[in-house]
Amino acid sequence: MKLRTEAKSKLKRPQGRNGRIRRWAGQALRMLPLLMATSAASAQGTITFDQSEDFASSFTKQVGTVNAEFFNPGPFGHFHDRASGLEFSDFEPNTFTLRFDQSVRWTQYDINNSNDAGNYFTFTGAGVSATAQSAETGTDKRPSTPFTFLANEDYFFAATFPSSGSFYLQNLVFELLRDRTTGQINGTSAQVGFQNSSASFRSLSQQLQSIAATQRFSGGYQPLALTMPTRDDAIALVGYQETYVASGSSVAGGSACDAQCQSRINPWGGWISGYGVGGDVRSQGGISGLDYSSGGTQLGIYRNVDRYTLLGMFGGYSNQNVDSDDGDTADIESGQVGAFLRRGDCRGDYYILAGTAAYDHYRTARDSGARGEFDGGQLGTYLERGREIQWGRTVLRPNVGLQYIWLHQDGHSETGLGAANLDGVNEHSLRALVGSSFQGPSRSMIGGNVSPYASAHWMHEFLDTTTNVNGQVGGAGFTTSGLSLGRDWAVIGTGLNYSRGGWTSLFAGYNLQTNDRQTFHAGNGGLQFAW
């Protein structure tokens, strides 16, 4: 929230009144930072009266992003505003209703009293009792009991004159307890964190499929059996077949299935990759949209336990930037470590099991001037089940995946203008992926083999798509939520692999994740090696 040094009045002209409406003009507004006793700062604003409200049946004062509506003046149905301020007397309007669109604490007022004979006024409403407030002349006067005007609640003002006389309310000074966006960037960052972890799991899956293909075929990423199976079916399982063995027969050291799966195995291998992501999410439900960007790297090392089993570890680093359309921002640095197991068989069936732990560091900044810095973490598991099927010179890989992620953000206190104390967040995500990938035939180019690949998946979120954030500002609690990135996505990818022999290969690709609310574009590339 930006606190602007301007105010606006919106007047409604009463019926049947002529010659007494003055054209409204801009009002002066002074906005000052105020350090609260709780060490959390809030924004201070002043509602001033400058005669533009004279004879209005209602009017609205805008102070920064806060709107204060004055209406239902009684008993005559209009306000009187003199040079000395908003007038109240035993024969002029002495009641009205006040409504703020954001929660504020009333802290000061200036008043001019033409008769100090015990005059006073009260406010009553939600959470506020009718405590007498002095109408004695003075500046920077403080309420006998400072209280909070809750957002969108009606508060009834009544002036009381034990004898007679009048007084002029010159201004009302308030502290903004929180702006509309307080805590929202934290909730949005949690959902963005789920997206980042999902992308990491998908990258891992792609790497393991590439490694399996490389080991199975002597031509690097070439997914074509050296001797095609002697079946008449149009679709046959992928296999490396040196000698056809009749069904049910065996060879030394294994079954017929083993004989058809003479894989090329390098004991150790690894990869290193980098990626960049950019995109946007559209606004929803009064929560501003955002622009998103991230970059990072992933590396892994594995060992072939046997011809069907890969076991290894991986890790990565990423930096994410969230820029909300309302001016709030978040910068998130994440470090991740994990372990994986890929197990397959000669029929083409396989599964992947992976687990991760991540450390996150957040830096948030709100447009009001509040700043936050805090830590967090994630734990995640991923399971994928699929089958490799050869169709001509193309390998299809239909698969299903299920991932669970637990995300935590530490509770913390913001600093700066409009600061809040925010509670810790614990959020959960459970997502399913259903789809297929394919790998095309390779072609000899530049001294190696180049093969294309592509994938298409549908991803669905089973749990909440928004993250609630609880907190307190000036002792008043609140609950808000971040932006939803949606529940269902199409995830589409394509790319190329380039390999020289069975020891090293390069890859580069593009991925799109989209739905009716978000669009993320990602580019990636890297090196895979074995020894």
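Predicted model: local features only at pLDDT ≥ 70, side-chain atom pairs only at ≥ 80, totals over all residues.
How exposed is R347, given as a relative accessible area? R347 is partly exposed, with a relative accessible area of 44%, where buried means under 20%, exposed over 50%, and partly exposed in between (1.4 Å probe, protein chains only).

Residues are numbered from 1 along each chain as its sequence is written, and side-chain values use heavy atoms, with hydrogens and water left out.

**View 1. The cis peptide bond from G74 to P75.** Omega of this bond is near 10°. P75 is found in the loop between β5 (66-74) and β6 (81-82); strands (E, at least two residues) and helices (H or I, at least four residues) are DSSP runs, numbered from the N terminus. As background, most peptide bonds are trans, and most residues other than glycine have a negative phi.

**View 2. Positive phi at F55 and at I446.** F55, although not a glycine, has a positive phi of about 70°, and is found in the loop between β3 (41-48) and β4 (58-63). I446, likewise a residue other than glycine, has a positive phi near 50° and is found in the loop between β30 (443-445) and β31 (448-461).

**View 3. Salt bridges of R363 with D331 and with E333.** A salt bridge is a side-chain nitrogen of Lys or Arg within 4 Å of a carboxyl oxygen of Asp or Glu. The side chain of R363 meets that of D331 at 2.7 Å, N to O; this pair links distant parts of the chain, with R363 in strand β23 (residues 349-365) and D331 in strand β22 (residues 329-344), 32 residues apart. The side chain of E333 forms a salt bridge with R363 at 3.2 Å, N to O, and here too the pair links distant parts of the chain, from strand β22 to strand β23, 30 residues apart. D331 is buried, with a relative accessible area of 17%, while E333 is partly exposed at 26% and R363 counts as partly exposed at 33%.

**View 4. The salt bridge between R347 and D345.** The two side chains meet at 3.1 Å, N to O. D345 is partly exposed, with a relative accessible area of 21%, and R347 is also partly exposed, at 44%.

**View 5. A network of salt bridges that links D54, R82 and E87.** Side chains of opposite charge can pair when their charged atoms come close. A search of the whole structure finds 15 salt bridges.

**View 6. Strand β36 and its pairing with β19 and β35.** Two strands pair if DSSP finds at least two bridges between them. Strand β19 (residues 268-281) runs antiparallel to strand β36 (residues 518-530), and 13 bridges join them; D280 has T519 as its bridge partner in β36. Strand β35 (residues 504-514) also pairs with β36 in the antiparallel sense, over eleven bridges, with T504 standing opposite F529 in β36. β35 and β36 form a hairpin that has three residues between the two strands.
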